[in-house]
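Subject: Structure handover

Hello,

Here is the structure you will be taking over. Please open it first, then read my notes below.

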Amino acid sequence: MVTLAVNGATYEIDAPPRTPLLYVLRNDLALNGAKFGCGLGQCGSCTVMVDGRAVLSCVTPISVVENRTITTLEGLGTTDSPSPLQQAFIDEQAAQCGYCIPGMIMRAQALLQSNPDPTDADIRRALHRNLCRCGTHMRILRAIRRAADGGQIAQLQTDGEAE
Amino acid sequence: MNAPFATPSLSRRSLLKAGGALVVSFAVSPGRALAQQASGAEEAAIPDAFGSLADHPMLDAWIRVDAGGAVTVFTGKAELGQGIRTAILQVAAEELSVSPAETTVITADTGRTPNEGYTAASHSMEDSGTAVRNAAAQAREILLGIAAERLGIDRDRLSVENGVVSGGDQNIGYGDLVGGDVLHVQAEPVSMLKDPSRHTVIGTDVPRLDIPAKVTGAPAYVQDLRPEGMVHARVVRPPSYSSRLRSVETTTVESMPGVVAVVRNGSFLAVVAEREFEAIEAMHLLADAAEWEDTAELPDQETLYDFLLGMPSDDKVIQDVSGTAAAAVSSHEATYHRPYQMHASIGPSCAVAHFQNGAMTIWSHTQGVYPDRAAIAELLGMEVDRVRIIHVEGAGCYGHNGADDAAADAALIAQAVPGRPVRVQWMREHEHGWEPYGSAMVTRASAGLGADGNIVDWRYEVWSNPHSTRPGPAGNLIAGQLVEAEFQPGDPANIPQPAGGGDRNAVPLYVFPNSHVVKHWIPRMPIRVSAHRSLGAYMNVFSLESFIDELALAAGADPVEFRLRYLEDERARAVVGEAAGAFGWVDRPEPTPGRGRGFAFAQYKNLAAYCAIAMEVAVDGERGLIRPLRVVAACDSGLAVNPDGIRNQIEGGILQSLSWTLTEEVRFSRSMILSRDWGTYPILRFDSAPESVEVHVIDRPGEPFLGTGEAAQGPAAAAVANAFADATGVRLRDLPLTPEKVRAAAI
Amino acid sequence: MAYTSFWFLRAGRHSRKKEPMRTQDAVFAVALGVVVIAAAMVAWAARHPEIDPLEQPPTFDDTVVAKGAMLASLGNCATCHTTEAGASFAGGLDIPTPFGIVRSSNITPDESTGIGHWPETAFRRAMRDGVDREGNYLYPAFPYDHFTLASDDDIAAIYAYLMSRPPVENDVAENQLPFPLNIRMLVAGWNLLYLDRGPYQADGGQGDQWNRGAYLVMGLGHCGSCHTPRNALGAEIEDRLLAGGFAEGWVGPALDATSPAPAGWTVAQLASFLRDGWAEAHGSALGPMAEVAANTARLPDEDIAAMATFLASLQPEVAEHDIAAAVEAAGEREWSPLQLSALDGADDAIQDPGEAVFAGACALCHRKGGRLPISRPVPLALSTAVAMDDPTNFLQVVLHGVEAHDPPGTTMPAFAAVLDDAQLADLANYVRRHFTDEPAWTDLDRAIDNARRGRDAENLALGNGD
């Protein structure tokens with residue numbers, strides 16, 4: 001059994017410790033945010049936050065995140081009550097197929113939590129490892145800029161809940 | 001109400017009473033239909049102008065209203081992330097005068113929606129949007145007619161808003177008007193469409209329906225399906241196209257924890273497990289245990305284009321214009337090359353299939369649920385009506401990617417594990433290695449300039465493999481070729497003009513006194529190819545627009561002014577003017593070796609959306625980088641249902657094209673594809689995205705919808721090459737414009 | 001002088017931090033001051049005059065410019081003289097040295113902030129003697145101690161290339177060197193001791209190809225800058241040519257007979273590495289070497305062959321079939337799930353915590369199977385990073401990953417945010433034990449600490465784990 005703290009709740013996961021976090025999130029916890037894009041740590045579709053830092057869940061075995069705080073897209077907000085960053089993506093209509101977007105949002109959340117006032121260059125650099133195939137880059141940048149300018153990015157506490 | 005296509009005194013009921021047959025349906029090519037519209041013959045009411053309604057004339061195939069007044073719209077098209085679900089919703093809500101919030105759109109499902117073939121070729125608004133628009137308008141009129149009788153008020157004194165009909169001080173909701181099968185009637189050849197000046201939903205930026213779920217993790221994709229009892233499967237693909245499986249020792253894998261089954265049928269190999277990671281580890285082991293006979297011989301990548309030109313081809317003259325003109329005082333020629341390029345969907349293909357009681361249900365992101373169903377039924381030896389395919393969104397596909405094949409894989413495996421839903425997720429290496437690519441192409445342009453600097457003659461030739469091998473027959477599926485039965489692939493489609501395949505946009509929209517365009521269709525495909533966003537248009541527009549730029553330079557003319565000399569289409573001229581004006585083209589600074597500006601224009605297929613792009617780039621010769629800085633585009637998509645949706649598609653098309661143009665090339669050895677992941681097939685990253693992209697949408701309220709999703713790719717590519725030439729004086733003609741080539745040219 | 005050595009060594013092989021001054025350091029500084037004055041007096045006697053600025057901008061032959069472009073690649077000029085976001089050659093890159101931060105200058109032909117006024121004689125003097133147009137000494141972070149070997153023609157070609165680039169205005173800020181190291185005149189003393197002025201003199205006992213290779217490697221290639229050990233004053237140790245060095249937080253492995261690579265370096269392997277950034281028996285060029293290999297890829301085949309010939313001559317000869325045998329043996333050691341000590345997930349007791357990490361994080365790529373060159377990593381049993389006594393390179397790769405380069409090939413994710421120090425140590429020990437027969441790495445904790453320090457600060461600011 002591996003104990004995981006995800007989005008503020010604790011779960012006992014009956015999976016081999018070497019199982020990458022992505023498959024546990026999606027299958028054992030039925031969370032849709034983190035996506036399978038490559039399984040090789042190359043595209044960023046699986047990005048989640050661990051202790052406030054952006055991490056590729058497809059190459060992260062659950063054994064190493066056992067005592068850490070894991071936050072997924074679902075931990076930021078819901079369809080009825082999206083977080084400021086999620087709302088910024090809706091307001092900018094920053095998606096085409098949308099498959100890469102959860103990874104972008106988690107990467108942006110990690111950025112804004114540690115640097116609430118990033119330059120445009122900072123944002124581009126932070127997103128370097130996230131790929132978008134539909135070409136939504138400009139809207140993604142605008143959405144993050146919008147959220148940063150809005151200044152409301154909630155600092156997630158160590159137990160994964162927003163302040 | 002002054003509506004187009006209306007015949008005011010005609011009422012549906014009177015027509016029905018007269019026993020009139022209302023459906024006239026004969027095949028007319030889309031080009032002719034639009035041409036007839038343009039000539040003002042609206043009342044000719046050719047059903048093809050109503051899009052897919054001609055093929056599926058029952059109104060309730062498209063629109064249903066329940067007793068509570070909630071509206072359901074059915075479309076045979078699929079949401080690919082291009083926003084079609086929202087746009088169709090807007091069209092229906094507008095014509096029915098219902099609130100978008102009370103309306104649901106059901107997309108492609110062989111069990112519920114009309115068969116509209118593939119969601120492709122940017123036809124969705126033209127085919128389905130138009131059908132829904134007309135069906136909704138006619139449904140509205142039927143309901144108004146019933147309301148008139150029910151309320152005892154003249155039809156002309158009734159109005160409807162948010163699904164409630166009012167007249168005098170009475171009102172009645174749609175829900176109370178439906179009963180029996182009032183909408184179970186055939187469409188009329190005329191519709192009372194709402195006057196565009198009264199639109200409140202069409203033409204507004206209605207936020208996309210699917211985005212909130214996608215940004216909060218609510219289920220949205222086929223990858224999110226988790227039916228009860230589902231198992232996870234992985235396929236093991238051969239190393240190369242015609243490898244055959246000689247032997248595989250399966251007992252070790254079968255005894256791994258969680259493994260439910262190993263499926264082998266000829267060279268088709270797969271493993272099923274309870275847990276996903278178990279399936280992945282088992283797949284690796286199974287792949288290692290398999291012994292293959294490799295027989296494929298791929299061309300030598302170094303001499304690919306010579307190889308292409310040397311293959312037998314079907315040659316056809318697709319434009320032959322002869323006229324009098326001055327003698328040419330100079331002649332110019334250029335040859336262009338494009339390699340195989342990938343769709344490379346960010347989410348590899350996935351499908352879920354459930355075989356129960358002799359029936360197969362498949363959830364897939366295929367662009368064509370009906371065609372894929374037919375192919376899979378053939379593969380499985382099942383009756384077509386025992387197979388149902390329901391479209392569920394996947395990642396962007398940009399054409400024929402691995403979706404159809406993943407659906408077939410899932411179905412085949414599901415037959416081996418009856419009763420349990422089987423989820424097949426392709427790995428990254430499978431999607432990269434096995435999807436059908438966009439064909440490699442060679443083009444050659446030549447022209448003569450007269451003494452006055454005008455083009456007096458124009459020749460253009462294009463060589464290409466086919467651009468469509470969609471199922472089709474079971475033999476077009478990977479599984480079909482791998483199984484024992486070894487289904488044979490069908491003959492590839494040679495898509496005729498005006499749409500074209502490899503020759504899409506090979507015929508210029510420009511009007512020249514003499515013009516001769518030849519297409520060389522090469523049916524032999526050593527590397528798997530099929531429809532890749534915009535088909536041949538990307539390469540043809542790249543070539544054509546690069547070449548016309550060269551001619552402008554030779555003639556000492558401004559590139560935009562030069563193009564306008566040969567553009568007679570008013571809407572084309574408007575789009576060119578809009579982009580150039582918004583960019584500040586006329587006052588642009590002189591180029592320097594590190595900074596240049598370029599322009600390009602095309603009307604997709606010479607039939608769909610118009611798009612002009614002006615671009616400023618920075619060139620760094622040492623690093624070999626072309627960095628687009630400022631991109632200004634103008635687009636005319638006819639009646640703009642959702643202007644933001646149009647902007648999104650054009651922006652996306654530009655960025656995607658920049659990636660193709662600057663970076664992308666499938667690599668292969670003599671036996672196998674080498675581009676298997678994002679390391680070996682890099683695409684554009686954020687550091688290469690432009691500084692700004694603006695899109696100006698020209699709305700044409702009275703005009704039909706024009707497909708937009710593939711309009712920007714060609715012009716964006718040419719604009720980059722033209723901007724580079726502006727900066728350095730050097731023409732790059734071999735795609736992609738890699739750092740190595742840029743460096744060699746710019747140093 | 002012993003104290004001098006201590007201070008320079010402690011200032012760190014990879015550290016970017018400046019150590020605060022303490023009493024001992026102050027005493028040392030005074031002692032050094034005496035030495036400095038003496039050296040300065042010597043230097044004053046041998047000072048270089050200012051060279052007059054150009055009147056007219058020169059013109060160049062296209063073929064010379066093209067040749068210069070290639071040679072500038074070999075010299076990696078753009079690598080140091082360009083910032084991430086800046087224009088090529090416009091300078092401003094902070095180059096950390098044990099002595100402080102040196103900033104690369106603007107070598108575009110800009111007339112106010114670059115070298116636009118430099119005649120060729122000034123450029124040649126900079127390359128040969130490490131002195132700028134005005135007569136100031138340049139710091140040997142600019143490897144003129146290697147470039148001095150270049151021929152006049154080659155220097156002229158590089159000059160032609162640089163002077164025909166677009167001029168970029170960029171006023172580069174001052175170096176960040178502590179007193180007294182910011183006194184340029186000191187460098188004269190260093191030059192006296194360590195600068196062996198060129199051009200290259202051929203070794204009569206060797207063939208043309210070897211000499212060409214030696215010329216390229218020891219001259220413009222400046223391989224020794226990263227691959228040769230340095231003394232306390234930061235100069236390469238003459239009789240330990242290419243015996244291993246350091247650069248940017250990475251170890252430049254020994255290329256001589258003490259090479260730690262599990263398989264040998266034949267001419268063919270070396271040529272492949274310099275041409276494609278990849279060799280079948282060694283894997284990909286990692287860290288700073290990736291960009292170097294991307295640059296050497298631009299050289300003509302005969303120059304690559306020459307460099308490979310020279311470098312191979314420094315090691316004992318290895319037969320091709322021995323390479324093949326090493327590759328095959330390494331293949332046998334590749335990882336597969338069947339090797340897991342606890343394959344059945346029901347048994348939670350992981351014998352080796354490093355094994356679980358490897359199986360879930362690494363084995364997705366680093367496993368048995370996969371027949372594709374370049375996109376699949378080489379077997380870890382062939383990896384120099386894993387076989388070396390110093391775990392630095394292994395840790396760097398795991399923490400920071402591998403960036404895909406042009407031409408496309410290897411890419412690897414970064415694990416800095418995924419693994420904590422203990423988990424990283426577990427993984428390191430597992431990999432070392434599983435893929436080599438070498439003794440365990442010692443002092444892993446300090447090595448991990450050093451490896452994290454460089455990139456971590458920047459990444460924390462971006463919220464990244466990279």
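The buried residues of helix 2 of chain A are covered by, among others, helix 3 and helix 5 of chain A and helix 6 (211-216) of chain B. Those buried residues are Leu85(A), Gln86(A), Ala88(A), Phe89(A) and Ile90(A). Buried means under 20% relative accessible area, exposed means over 50%, and partly exposed lies in between (1.4 Å probe, protein chains only). Helices (H or I, at least four residues) and strands (E, at least two) are DSSP runs, numbered from the N terminus. Contact means heavy atoms within 4.5 Å.

Before going on, two notes on how to read this. This is a predicted model: local features need pLDDT of at least 70, side-chain atom pairs count only at pLDDT 80 or more, and totals for chains, interfaces and linings use all residues. Residues are numbered from 1 along each chain as its sequence is written, chains are lettered from A and ligands numbered from 1 in the order in which they are written, and side-chain values use heavy atoms, with hydrogens and water left out.

**After helix 2 of chain A**

Glu92(A) sits in the loop between helix 2 (84-91) and helix 3 (101-114) of chain A. Glu92(A) counts as buried, at 16% relative accessibility. Which residues does Glu92(A) contact, leaving aside its neighbours within four places in sequence? They are Arg139(A), Arg142(A), Ala143(A) and Arg146(A). Gln93(A) follows helix 2 of chain A and has a positive phi, near 50°.

**Salt bridges**

How many salt bridges does the structure hold over all chains? There are 64. A salt bridge is a side-chain nitrogen of Lys or Arg within 4 Å of a carboxyl oxygen of Asp or Glu.

Take Arg139(A) and Glu651(B). Their side chains meet in a salt bridge, at 3.2 Å from N to O. Arg139(A) lies in helix 5 (residues 137-150) of chain A and Glu651(B) in helix 17 (residues 643-663) of chain B, so this pair joins two chains. Both Arg139(A) and Glu651(B) are buried.

Next, Asp288(B) pairs with Lys368(C) in a salt bridge, with the closest N and O atoms 3.3 Å apart. Asp288(B) belongs to helix 8 (residues 276-289) of chain B, and Lys368(C) to the loop between helix 15 (353-362) and helix 16 (384-387) of chain C, so here too the pair joins two chains. Asp288(B) is partly exposed, at 32% relative accessibility. Lys368(C) is partly exposed as well, at 34%.

Arg731(B) and Asp549(B) also form a salt bridge; their closest N and O atoms are 3.0 Å apart. Arg731(B) is in the loop between helix 18 (713-728) and helix 19 (739-746) of chain B, and Asp549(B) is in helix 14 (residues 537-554) of chain B, so the pair ties together parts that are 182 residues apart in sequence. Asp549(B) is buried, with a relative accessible area of 8%.

Some salt bridges share partners. One network built that way joins Asp91(A), Glu92(A), Arg139(A), Arg142(A), Arg146(A), Asp205(B), Asp644(B), Arg647(B) and Glu651(B).

**A helix pair in chain C**

The axes of helix 11 (residues 267-276) and helix 13 (residues 301-312) of chain C come within 8 Å and cross at roughly 130°. The contact involves Val267(C), Leu270(C), Ala271(C), Leu274(C) and Arg275(C) of helix 11 of chain C. From helix 13 of chain C come Asp301(C), Ile304(C), Met307(C), Ala308(C), Thr309(C), Leu311(C) and Ala312(C). Axes are lines fitted to C-alpha atoms, for helices over the stretch in contact, and angles run from 0 to 180 degrees between N-to-C directions.

**Backbone details**

Two peptide bonds are worth a look. Pro471(B) and Gly472(B) are joined by a cis peptide bond, with omega about -20°. Gly472(B) lies in the loop between strand 19 (455-464) and helix 13 (478-482) of chain B. The bond from Gly198(C) to Pro199(C) is cis, with omega near 5°. Pro199(C) is in the loop between helix 8 (186-194) and helix 9 (208-218) of chain C.

Now phi. Ala30(A) is not a glycine, yet its phi is positive, near 50°. Ala30(A) is partly exposed, with a relative accessible area of 42%. Glu248(C) has a positive phi of about 50° and is not a glycine either. Glu248(C) is exposed, at 64%.

Best wishes
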